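Subject: Handing over the structure

Hi,

Here is the structure I promised to pass on. Have a look at it first, and my notes follow below.

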Amino acid sequence: MATTGRDAPAQSATADREIVISRVISAPRELVFEAFTEVRHLSRWWGPEGFTTTTRAFEFRVDGEWDFVMHGPDGTDYQEWISWTEIAPPGRIALLHGESRGDPNAFESVLTFAPDGAATRIEMRTVFPTKELRDEAVEKYHAIEGGQQTLSNLAAYVTEIVRKGVEG
């Protein structure tokens, strides 16, 4: 690989199209990963504050799809579609996320689950096709705040599971 003189050429090549959100969750990595992989968990925490999720179809496997609707607190429905592109339990999930299959504006996300003592550090790195789509997601749809709220909902959900001593 040729050296470009930059510290992280691959990262800087997409920096203007990325959103990176992370959080430490007080739960074992396997449980945090499971909360992302089973629809019975996802429907309990997915989405920003005030949103609910209705799943139409869910198949967690590479090339499998999650077809769902997010219901906003203002009554707006958002058609959503995710296809899993990589699954490496319990450390990594990669996915393509858009409004529907074939969405030209779909974005890619990689989620990593790393042990952090007894807790788990989750990082969600999303790369949009263009800087303009990233900026629109941030400005119009409040993607950074929404992503932080979604991970906060995940943290509250798995923390409650741990507190109750129930793992499923």
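Before the sheet, a word on terms: two strands count as paired if DSSP finds at least two bridges between them. The strands themselves (E, at least two residues) and the helices (H or I, at least four) are DSSP runs, numbered from the N terminus. Please keep in mind that this is a predicted model, in which local features need pLDDT of at least 70 and side-chain atom pairs count only at pLDDT 80 or more, while totals for chains, interfaces and linings use all residues. Residues are numbered from 1 along each chain as its sequence is written, and side-chain values use heavy atoms, with hydrogens and water left out.

Seven strands make up an open sheet with antiparallel pairing, in the order 1-7-6-5-4-3-2. Strand 1 and strand 2 are at the edges with a single partner strand each, so one side of each has no neighbour in the sheet. From one strand to the next, the twist averages 25 degrees; angles here run from 0 to 180 degrees between N-to-C directions, and axes are lines fitted to C-alpha atoms, for helices over the stretch in contact.

What sits opposite Thr54 in strand 3? It is Val69. With 8% relative accessibility, Val69 counts as buried (buried means under 20% relative accessible area, exposed over 50%, and partly exposed in between, with a 1.4 Å probe and protein chains only). Leaving aside neighbours within four places in sequence, Val69 is in contact with Thr52, Thr53, Thr54, Arg56, Asp77, Tyr78 and Gln79, where contact means heavy atoms within 4.5 Å.

The helices

Helix 2 (residues 29-37) lies across several strands, including strand 4 (77-88), strand 5 (92-98) and strand 6 (107-116), and runs at about 155 degrees to strand 6. Arg29 belongs to helix 2 and is partly exposed, with a relative accessible area of 25%. Not counting residues up to four places away in sequence, Arg29 touches Pro90, Gly91, Phe113, Ala114, Pro115 and Thr120.

Helix 2 also packs against helix 5 (residues 143-164), at an angle of about 120 degrees and with the axes 10 Å apart. That makes helix 2 oblique to helix 5: under 35 degrees counts as roughly parallel, over 145 as roughly antiparallel, 65 to 115 as roughly perpendicular, and the rest as oblique. Leu31, Val32, Ala35 and Phe36 in helix 2 meet Leu154, Val158, Ile161 and Val162 in helix 5. The residues of this contact divide into eight nonpolar, no polar and no charged; Ala, Val, Leu, Ile, Met, Phe, Trp, Tyr, Cys and Pro count as nonpolar, Asp, Glu, Lys and Arg as charged, and the others, Gly among them, as polar.

Finally, helix 4 (residues 131-139) has Leu133, Arg134, Asp135, Ala137 and Val138 buried.
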